[in-house]
Amino acid sequence: MGLLDGKTVLVAGVTMDSSIGFAVAKVAQEQGARVLISNFGRALSITKRIAKRLPEEPPVLDLDVTNQEHLDGLADALRAEGVERLDGVVHSIAYGNPETLLGGKFLDGPWDDVSQAVQVSAYSLKSLAMATRPLMSEGSSIVGLTFDATVAWPAYDWMGVAKAALESTSRYLARDLGPDGIRCNLVSAGPLKTLAAKAIPGFEELDEGWGSRAPLGWDNTDQGPTAKAVCALISDFFPATTGEIIHVDGGYHSLGA
Ligand code: NAP
């Protein structure tokens, strides 16, 4: 018996096999779920190649979360793949221009780039939830990925602000979708060496000392623990949890200075 037997899950935001979304798709399949993945633009062809590395090759959908046509057509695109109901929707998406917004550029970050970061990384959780809502009902679960936005980190700069917006967006979605029995939660992961992380100038500063300080230690090359937590939140084992942020960081967040 798998934790997600009989469930259908959409994982949005898979580019490489290092993507957290890839690990989520893998664990979800191992736990019995039918999985669909998405990415957008030029990277779509990479995602299609990477999809073959999953235990079962999933359908790959083209979804730019800033493109209203893509969002409007998503439910039909899923139906065309034979999906009648989504039990899980995973938002594993973020973008902030590393040239202008990250790595110590906080005081100079231009609004156009900040607004793009907030749209792609935070507002899109609401966009994705609404685009998939026709296929969600009692028991469906939305899960996003954050990096603890309660404090200011080195280098993270405007992405930290975007994550604060994501965390708030998740709570409001939990409030407004709760009456339909739809949950919305986030997993707050420790630093992981993915494509997005490597694009952050100064990622090493964020990462430094995490493994030695975290009570449980931390392997920044292992997306598995984060993926397992996402799948647990999709499962029926968190039926009364919504608007929550689960830390998967080796316990680092629980320490003082
Ligand atoms: P990743 O592999 O680069 O995944 C980010 C995904 O977002 C990519 O597939 C990217 O596509 C996609 N994306 C960007 N703009 C998009 C758009 N407009 N529409 C649709 N998709 C878009 O990096 P990751 O680290 O796994 O990130 C996944 C999530 O985990 C993000 O929310 C990230 O902030 C969060 N997180 C990461 C860490 C970490 O240390 N890595 C820690 C905590 C939380 P392209 O590659 O084609 O641009």
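The legends below describe close-up views of a predicted model.

Because the model is predicted, local features are given only at pLDDT of at least 70 and side-chain atom pairs only at pLDDT 80 or more, while totals for chains, interfaces and linings use all residues. Residues are numbered from 1 along each chain as its sequence is written, and side-chain values use heavy atoms, without hydrogens and water.

**View 1**
A side-chain N or O atom of Lys163 is 2.8 Å from an oxygen atom of the ligand. For Asn39, a polar side-chain atom lies 3.0 Å from a ligand oxygen atom. Ile93 takes part through its backbone, with a polar atom 3.2 Å from an oxygen atom of the ligand. On its own the ligand has 880 Å² of accessible area, and the protein covers 90% of it (Shrake-Rupley method, 1.4 Å probe; for residues, only the protein chains shown count as cover).

Helices (H or I, at least four residues) and strands (E, at least two) are DSSP runs, numbered from the N terminus. H3 has 13 residues and spans 19 Å from its first C-alpha to its last, close to the expected 18 Å, where the expected span is 1.5 Å times one less than the number of residues. A kink of about 55° is found in H4, centred on Ser124, and one of about 45° in H3, centred on Leu74; the bend at a residue is the angle between axes fitted to the seven residues ending there and the seven starting there. Leu71, Leu74, Ala75 and Leu78 of H3 are buried, where buried means under 20% relative accessible area, exposed over 50% and partly exposed in between (1.4 Å probe, protein chains only). An α-helix has 3.6 residues a turn, so residues three or four places apart point the same way. The buried residues of H3 pack against strands E1 (8-12), E2 (34-39) and E3 (60-62) and against H4; contact means heavy atoms within 4.5 Å. At the start of H3, a side-chain oxygen of Asn67 comes within 2.9 Å of the backbone nitrogen of Glu69. Gly82, with a positive phi near 85°, follows H3.

Asp87 sits in the loop between helix H3 (68-80) and strand E4 (88-91). Asp87 is buried because its relative accessible area is 7%. Its side chain makes a polar contact of 2.8 Å with that of Arg85. Beyond the neighbours within four places in sequence, Asp87 is in contact with Gly6, Lys7, Thr8, Gly139, Ser140, Ser141 and Ile234.

Not counting residues up to four places away in sequence, Val187 touches residues including Val143, Leu145, Ala229, Leu233, Ile246 and Val248. With the same exclusion, residues touched by Asn185 include Ile142, Ser170, Leu233, Thr241 and Glu244. Thr241 lies in the loop between helix H9 (224-234) and strand E7 (245-248). Leaving aside neighbours within four places in sequence, Thr241 is in contact with Arg183 and Asn185.

**View 1. Two positive phi values, at Ala155 and Asp157.**
Most residues other than glycine have a negative phi. Ala155, in the loop between strand E5 (141-146) and helix H5 (157-177), has a positive phi of about 70°. Asp157, in helix H5, has a positive phi of about 45°. Ala155 counts as buried at 8% relative accessibility, and Asp157 counts as buried at 15%.

Notes. Polar contact = N/O pair within 3.5 Å; in protein donor to acceptor, adjacent residues only side chain to side chain.
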